[in-house]
Each structure stands twice: as structure tokens, then as C-alpha cells.
Amino acid sequence: MALNSIFAEAALLGGEWATNVRLTMEAGTIRSIERGVAISAPDERHRLIVPGMGNLHSHAFQRAMAGLTEVRGPTSDSFWSWRTLMYKFALSMTPDDIEAVASQLYMEMLEAGFTRVGEFHYLHHDRDGRAYANIAEHAERIGAASVETGIGLTLLPVFYAHSGFGGSAPTEGQRRFINSIESFSALMDGCRTMTARLPGARLGIAPHSLRAATPEELRDILPMAAGGAVHIHISEQVKEVEDCIAWSGARPVEWLLENMPVDERWCLIHATHMTETETRDMARRRAIAGLCPITEANLGDGIFPVEPFLEEKGCFGVGSDSNISISVAQELRQLEYSQRLGLRSRNVVAVPQQSTGQRLFLQSLEGGARALQSDSGIAVGAAADFVSLDIAATPYLLPHQVLDQWIFADSIKVDCVWAAGAKCVAGGRHTQRDVIAARFRSVMAALLDAA
Ligand SMILES: [Zn+2]
């Protein structure tokens with residue numbers, strides 16, 4: 001396997017900026033890192049290099065709806081009206097549609113600087129609700145999209161069995177999501193075979209929510225994770241909290257921490273509506289907060305209590321969830337800005353004398369890697385997942401100012417992106433953009449025609 005070397009004037013290594021760095025890659029991993037070196041002939045030269053970010057929460061098919069739900073209905077709009085339209089799309093898509101939309105999405109993620117995706121995958125069955133001949137058909141299509149684009153995949157097959165707390169029957173609109181314990185076990189087997197074939201892929205498990213799985217079902221499916229990550233939607237909506245209290249007498253996060261073996265393998269998606277006790281307890285259990293700031297803002301969910309969570313050394317990462325907008329910088333900016341609006345304060349995520357951009361970036365890098373069970377940052381032996389930034393408009397900046405500028409000031413762009421050592425993006429464009437985008441356009445035209 002040929003060696004491949006990159007020279008960077010500055011690179012973010014282990015949380016610190018180093019200058020005049022050479023990264024040598026071999027077979028998708030970083031073989032060596034040299035600092036304070038001069039550029040030599042085989043090196044590909046770049047100005048600034050930062051680690052690739054993990055996107056810890058995505059529903060790929062929802063990319064097809066981006067920008068189509070921003071019209072006010074007859075009453076005040078909410079998450080639940082958004083969900084109605086989401087179900088309509090979910091019910092109409094074929095395996096080919098799903099693969100085309102996922103490829104477009106994963107291409108956009110790479111162009112944004114995300115090098116791995118956690119696909120919280122719940123659209124499993126055929127349009128009539130019956131399992132495909134291969135129950136993992138859609139998971140295979142997600143895998144194919146990851147291969148076509150080059151993004152790292154942590155597949156999180158979703159267990160979904162009920163429409164509400166207490167095991168209520170699923171609705172007709174949920175028929176493509178639904179599994180029994182037995183069919184879910186078969187699905188997990190198919191996903192395990194598929195991910196074993198994909199270099200660098202990981203497999204976890206995702207009980208959809210406390211609405212969708214009973215306590216008994218949760219206990220039955222957890223062993224199927226086999227050491228993989230466990231992700232769950234929780235406390236996204238006030239109604240969900242109220243329904244959980246009516247069902248159990250406890251709030252969702254409170255119930256989960258009391259009744260399930262929550263530890264550092266768990267990623268709690270949203271965890272928006274928590275008391276201070278829940279927030280601190282969640283951090284002490286070392287569960288990762290899977291924050292989706294753009295989607296949470298778009299859906300009007302609420303604001304995660306970041307201050308008490310960080311005081312307890314809680315770990316968070318970010319995900320693009322509904323995929324309304326794909327941007328590392330905008331996710332991190334929205335995270336901080338939501339805090340500022342809620343607290344009427346500034347630089348909430350940082351500690352004194354620290355760059356907010358750098359804290360946001362490094363925290364999310366660590367949380368994303370833990371949640372997706374992947375490598376964190378640029379290190380010898382780690383996957384060669386990194387991003388070069390185009391700083392042509394801001395050549396006067398010092399390296400430690402770059403992340404603030406990228407996240408808050410829009411003056412820096414992603415230039416090139418490597419995932420598992422492969423250069424997927426050059427000059428801000430994915431190498432397969434024309435083919436993938438053309439296929440996506442034709443699929444969308446047909447979907448909207450039929451809608
Ligand atoms: Zn979600």
C-alpha cells in the first residue's frame with residue numbers, strides 16, 4: 001500500500017495547535033505525525049488541518065423533506081405537525097430512493113467536514129409494512145451510500161414497536177418502522193453481516209424512545225448491542241415528559257437512569273427537558289448527550305441545560321438529525337447561540353480565557369467519537385479522518401483563532417476532506433458530486449410529483 005503524506009502549516013493535534021506538520025497515511029490510518037518539519041517533494045501542501053467530526057445522529061431519509069415543512073398550518077405548528085409530513089415521505093420511499101437520498105446526504109456531510117455518521121435507522125420495511133425478503137434491505141442501502149461517498153458508518157438499527165408509553169399499538173403510519181423482538185433479532189443479524197463487510201463500520205443499537213419500546217422489550221434487545229453503542233431519543237418534547245410521568249410517575253431521563261444500565265456506551269439524543277438533578281445524574285453516569293442544535297431549533301424543541309451538564313464533566317456531541325441543514329460550523333454555532341439566548345449571556349460553553357469555538361469543537365469531537373465508537377482526533381494509529389480549511393479570506397489569523405472564525409464568522413470554508421485516508425472532497429466539492437446530485441434530483445422530482 002502506497003504511503004501518502006500531507007504537509008500542513010498548522011494542525012490541531014490532541015487539542016493543541018502544532019505547526020509545520022507532516023501526516024503520513026497508510027491503509028486508511030495515520031502512520032506517523034512529524035512536527036516542526038520542512039515540506040518535501042511528495043507532500044501535498046495545506047494551510048490548516050483539523051480532525052474530521054463525527055455526526056452522531058442522522059435519519060438519512062429525512063433529507064428528502066429539508067425545506068418542505070416551513071409553511072404554517074391552520075393552527076400553531078409544532079413537532080407533531082412536522083412528524084405528520086415526515087410520515088408521508090417515509091411511507092412513499094423505495095430502497096432506490098433511500099439510497100439516492102442517503103448518498104446525497106452523506107456527500108453533503110463530507111463536504112461540511114463530517115467524516116463519520118451515526119445512522120439512527122428506523123425505516124426498515126416495504127411500503128405495506130411487510131419485511132423485505134432481506135429484512136436488512138434498507139440497512140444495505142445505507143451501507144451502500146456510505147461506501148459510495150466514503151463516509152464512516154456507525155449503523156444504529158432502531159427498535160420501534162409502539163405508538164406511546166405503556167405498549168400502545170403502533171399506528172398505520174408507523175408500519176414501516178415496526179418490529180417484534182424476533183424480527184428485530186433477524187434484522188440485527190443482517191446488519192451485523194453487512195457492517196462486518198464494510199471497512200471501519202461499527203454496529204450499535206437504538207431503542208427509538210421510551211414511547212416506542214416497553215421496559216421488557218428494552219431489556220430483551222440490549223444484549224443484541226453486543227458491546228456496541230446504545231442510542232435513544234429522550235426528553236425531546238414537553239408532551240413526551242408529561243406522558244412519561246402519567247405512565248410511570250417519573251420523568252424520561254429519571255426513569256431511564258433508574259431502570260436501565262446507562263453508562264458511557266449510551267448516547268441520550270436531545271435530553272432537552274431535564275431537571276437539574278437529571279442533568280447532573282446523566283453526566284455522572286457518563287452517558288453522552290447527543291445534541292442536534294439545528295433540528296432542535298427548527299422543531300422548536302427547547303434548549304439543552306449545558307451549564308450544569310459541563311459542571312459535572314458531561315460529554316456531548318452533535319448530530320444533524322432531521323438533516324434540514326448540514327454544517328459542522330452551524331451546528332456548533334446554534335448550540336452556543338441557543339445557550340446565549342436562553343441565559344442572556346455570552347461564551348457559555350467556554351471556561352474563562354478559552355476560545356468558545358475550540359471548546360465546542362473539541363467537546364463535540366470527543367463526544368461524537370465516543371458515541372460512534374470511533375477514533376477521536378488526529379493520532380498515530382487512528383483512522384485518517386481530517387479536514388483542511390480554506391483560509392484564503394483570513395490569512396492574517398493565528399491558528400488558535402481559526403475555529404472561532406469558522407464557527408461564528410462564516411469566513412472560513414472546508415477545502416479538502418479525507419475519510420479513512422481517502423480524499424473524498426477537494427476544493428469544497430465531493431469527488432462524485434455530479435453523479436450523486438443528478439440521481440438525487442431525479443428521485444426528488446418523482447417523490448414530489450407523487451406527494
Ligand atoms: Zn432523531
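Predicted model: local features only at pLDDT ≥ 70, side-chain atom pairs only at ≥ 80, totals over all residues.
Residues are numbered from 1 along each chain as its sequence is written, and side-chain values use heavy atoms, without hydrogens and water. Local features need pLDDT of at least 70 and side-chain atom pairs count only at pLDDT 80 or more, while totals for chains, interfaces and linings use all residues.

**Zinc site**

The zinc ion is coordinated at 2.1 to 2.5 Å by His57 (NE2), His59 (NE2), His233 (NE2) and Asp321 (OD). Donors are N, O and S atoms within 2.8 Å of the metal (3.2 Å for Na, K and Ca); water is not among the atoms, so sites may look incomplete. Angles among the 4 donor atoms run from 84 to 173°, and the site is irregular. Four donors count as tetrahedral if all angles lie between 85 and 135 degrees; four count as square planar and six as octahedral if opposite donors are over 155 degrees apart and all others between 65 and 115; anything else is irregular. Along the chain the donors follow the spacing H-x1-H-x173-H-x87-D. Histidine 59 lies in the loop between β5 (53–58) and α1 (79–92) and histidine 233 in strand β10, so the pair ties together parts that are 174 residues apart in sequence. Helices (H or I, at least four residues) and strands (E, at least two) are DSSP runs, numbered from the N terminus. Both histidine 59 and histidine 233 are buried, that is, under 20% relative accessible area with a 1.4 Å probe, protein chains only.

**Helices**

Histidine 138 belongs to helix α3 and is buried, with a relative accessible area of 1%. In helix α4, the buried residues include Ile181, Phe184 and Leu187. Among the elements covering the buried residues of α4 are α3 and β7, where contact means heavy atoms within 4.5 Å.

| Element | Residues |
|---|---|
| α3 | 137–149 |
| α4 | 181–197 |
| β10 | 230–234 |
| β2 | 16–26 |

**Sheet and domains**

An open sheet of 8 strands has mixed pairing and the order β3-β2-β1-β4-β14-β15-β16-β17. At its edges stand β3 (29–34) and β17 (429–430), each with a single partner strand, so one side of each is left without a neighbour in the sheet. β2 and β3 pair in the antiparallel sense over 5 bridges; two strands pair if DSSP finds at least two bridges between them.

The protein is divided into domain 1 (4–51 + 386–419) and domain 2 (53–372), with bounds from an automatic or database domain assignment. Their C-alpha centres lie 30 Å apart, and 18 residues of domain 1 are in contact with 22 residues of domain 2.

Definitions and conventions: Buried < 20%, exposed > 50% of the residue type's maximum accessible area, 1.4 Å probe, protein only. Expected span 1.5 Å × (residues − 1).
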